[in-house]
Amino acid sequence: MRATLLALPLVCASLLTAAPAHAQAQGQGQEQGLGGEQRSNRLIQPYIEVGQVISAQLSPGDEVLTFTQVAVGVDLNVQGRNSGAAVSLRYERNIGYGDDSIDTDTISGVARGSLALIPNALTFEAGGLAARTRLDAGGGTTANPLVREDAESRFYSLYAGPTLATRVGAVNLTGVGRVGYNRFENDALLVDAQGAPVDVFDDSTTYLGQISAATGAGDLLPVGLAVTAGGFQEDIGNLDQRVRDLYVRGDVTMPLGPSLALVGGLGYENVEISSRDALRDTDGNPVIGDGGRFVTDSAAPRIIAFDVDGLLWDVGVLWRPSSRTSLEARVGERYDSTTYYGTFTYVPSQRSAFAVNVYDGVTGFGGLLNNSLAGLDSDFEAIRNPVTGDFGGLVNGTEGQSIIGGLGSVRSSAFRGRGVRASYQRRMGRTTAALGAGYDRRTFISAPGTVLAALDGLTDESYYVIGGLTRQVGRSANLTTNAYVNWFDAAGNGGDVTAMGASAAYNQSITRRLTGRAALAIDYFDSEFSAEDFAFATALVGLRYDF
């Protein structure tokens with residue numbers, strides 16, 4: 001079987017695009033290395049960019065587009081003792097020429113912040129995400145090198161809520177509450193390899209709440225104890241789908257030594273996924289709306305697609321030999337089947353970091369976006385494509401790289417998502433190198449008797465590998481190179497997509513605030529929905545002014 005992998009489309013377009021060389025001098029405060037060196041505690045950097053872009057189709061045709069790109073944006077990083085925020089926001093206007101001209105507007109960026117309402121106890125958190133991608137006819141997504149209105153899709157995610165972390169006597173109390181909204185915009189009707197419509201995610205609202213009381217080993221008993229109760233719900237606009245997960249559990253931590261402990265948990269959960277059917281015409285065919293999505297029959301009864309009501313359990317190990325190394329791995333039963341998940345982080349020095357995350361959960365596409373955004377620390381640097389300026393979902397944080405909002409498949413159906421993500425970053429003098437890889441498997445859950453019933457039990461698989469280098473050239477310039485390979489295998493006979501590409505960018509300071517920019521990118525797509533492969537080359541020259 002051929003390796004059919006896609007990438008979290010958000011991350012493939014760019015890996016290590018650095019800010020202009022002189023930008024480190026802007027703002028206030030000090031700089032920081034990867035694993036804990038001194039870091040800027042206040043940086044506010046508004047800017048404007050003007051560039052000329054040429055996009056040439058190398059295969060199968062030879063179409064060439066030329067346009068002017070004008071962008072304004074702001075990068076912000078403010079860190080205090082108990083609060084902090086990081087923002088990267090950019091508005092871009094592309095102005096084309098000739099009969100085949102383009103005229104597009106794009107807002108992209110990521111924001112994450114926390115505000116201490118009661119220091120060391122109650123915090124209010126919020127985040128937002130906006131980006132664009134390229135949607136294949138099978139429902140898979142890839143990076144989008146084409147700045148054209150008919151070639152892009154857009155997605156947005158917002159969330160906000162309080163976080164509690166305090167101590168009452170020997171008991172640690174923690175809690176979280178979040179409300180989120182997610183939206184995916186695509187203007188074209190999609191059909192799969194058999195000509196059947198693909199219902200693409202529209203929007204959803206998410207709700208999450210959890211409260212936990214815990215004692216450490218040795219506080220009251222030789223073992224640590226914890227009791228946790230919580231719930232998650234996602235209301236998906238497509239066919240009025242609803243994902244609801246309620247649970248309560250108890251956990252025990254048994255120390256085996258100063259750095260090793262066994263952990264185990266037992267609890268109860270109730271997980272239910274349901275939906276309504278699509279509106280049907282007089283011939284019994286589903287009605288498709290203007291946006292290419294099925295129209296929900298609001299008068300139809302709600303049909304159960306998945307219902308689990310019973311015990312959950314897991315056992316595992318905690319290993320923390322030092323402040324720089326941490327491992328948690330668990331295996332057990334949840335969702336009426338075997339589950340396994342865990343994390344591993346290793347920061348051997350201030351200049352390198354390695355992280356692995358294994359996950360398993362039931363959600364919709366919007367819940368995936370909200371959860372990845374909420375998992376981002378409020379101290380990071382967003383990475384952008386050197387040619388298009390797009391935010392690809394990749395950030396550099398205090399413990400290395402993080403991937404935010406990986407899309408993979410954007411089908412509307414709820415799913416069980418399992419996979420693994422890994423990243424490694426190392427700073428060597430003036431050079432920073434990074435490598436990321438991942439696998440995502442989504443098994444769809446759809447109600448019988450509905451228009452999505454044929455998708456139930458089918459699986460979309462996504463894979464990606466990304467890597468790059470950034471090199472500081474003297475005191476006033478930097479050079480960035482990166483490359484990616486993505487594979488996507490659609491559910492059933494939905495078709496496969498392979499995407500790969502590479503880019504290089506050079507930034508040269510002209511004055512303290514003015515920077516010259518030049519970048520080149522080559523991208524290749526092989527989709528089973530087209531008889532021909534596509535290859536594009538895109539180049540940019542321009543200026544950036546930092547205020």
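**Salt bridges and nonpolar cores**

At a relative accessibility of 27%, Glu328 counts as partly exposed. Here, buried means under 20% relative accessible area, exposed means over 50%, and partly exposed lies in between, with a 1.4 Å probe and protein chains only. The model is predicted: local features need pLDDT of at least 70, side-chain atom pairs count only at pLDDT 80 or more, and totals for chains, interfaces and linings use all residues. Residues are numbered from 1 along each chain as its sequence is written, and side-chain values use heavy atoms, leaving out hydrogens and water.

Glu328 pairs with Arg330 in a salt bridge (a side-chain nitrogen of Lys or Arg within 4 Å of a carboxyl oxygen of Asp or Glu). Their closest N and O atoms are 3.0 Å apart. Arg330 is buried, at 13% relative accessible area.

The whole structure holds 28 salt bridges. One of them joins the side chains of Arg154 and Glu185, at 3.0 Å from N to O. This pair links distant parts of the chain: Arg154 sits in strand E7 and Glu185 in strand E8 (residues 171–185), 31 residues apart. Helices (H or I, at least four residues) and strands (E, at least two) are DSSP runs numbered from the N terminus. Arg154 is buried, with a relative accessible area of 16%. Glu185 is partly exposed, at 23%.

A further salt bridge connects Arg411 and Asp460, whose closest N and O atoms lie 3.4 Å apart. Arg411 belongs to the loop between strands E19 (400–403) and E20 (414–428), and Asp460 to strand E22 (residues 459–473), so the pair ties together parts 49 residues apart in sequence. Both Arg411 and Asp460 are buried. Elsewhere, shared partners join salt bridges into one network of Glu49, Arg90, Glu92, Arg132, Arg517, Arg544 and Asp546.

The largest nonpolar core has 32 residues. Such a core is a set of buried Ala, Val, Leu, Ile, Met, Phe, Trp, Tyr and Cys residues joined through side-chain atoms within 4.5 Å. Residues with the most contacts inside this core include Val110, Leu129, Phe184 and Val243. Among the elements that give two or more residues to the core are strands E5 (122–135), E12 (260–275) and E13 (303–322), and helix H2 (365–374). H2 gives the most, with 4 residues.

Val243 touches Phe232, Ile236, Ile273, Val362 and Ala414, among others, not counting residues up to four places away in sequence. Contact means heavy atoms within 4.5 Å. A second, separate core has 8 residues, including Ile383, Leu394, Ala499 and Phe536.
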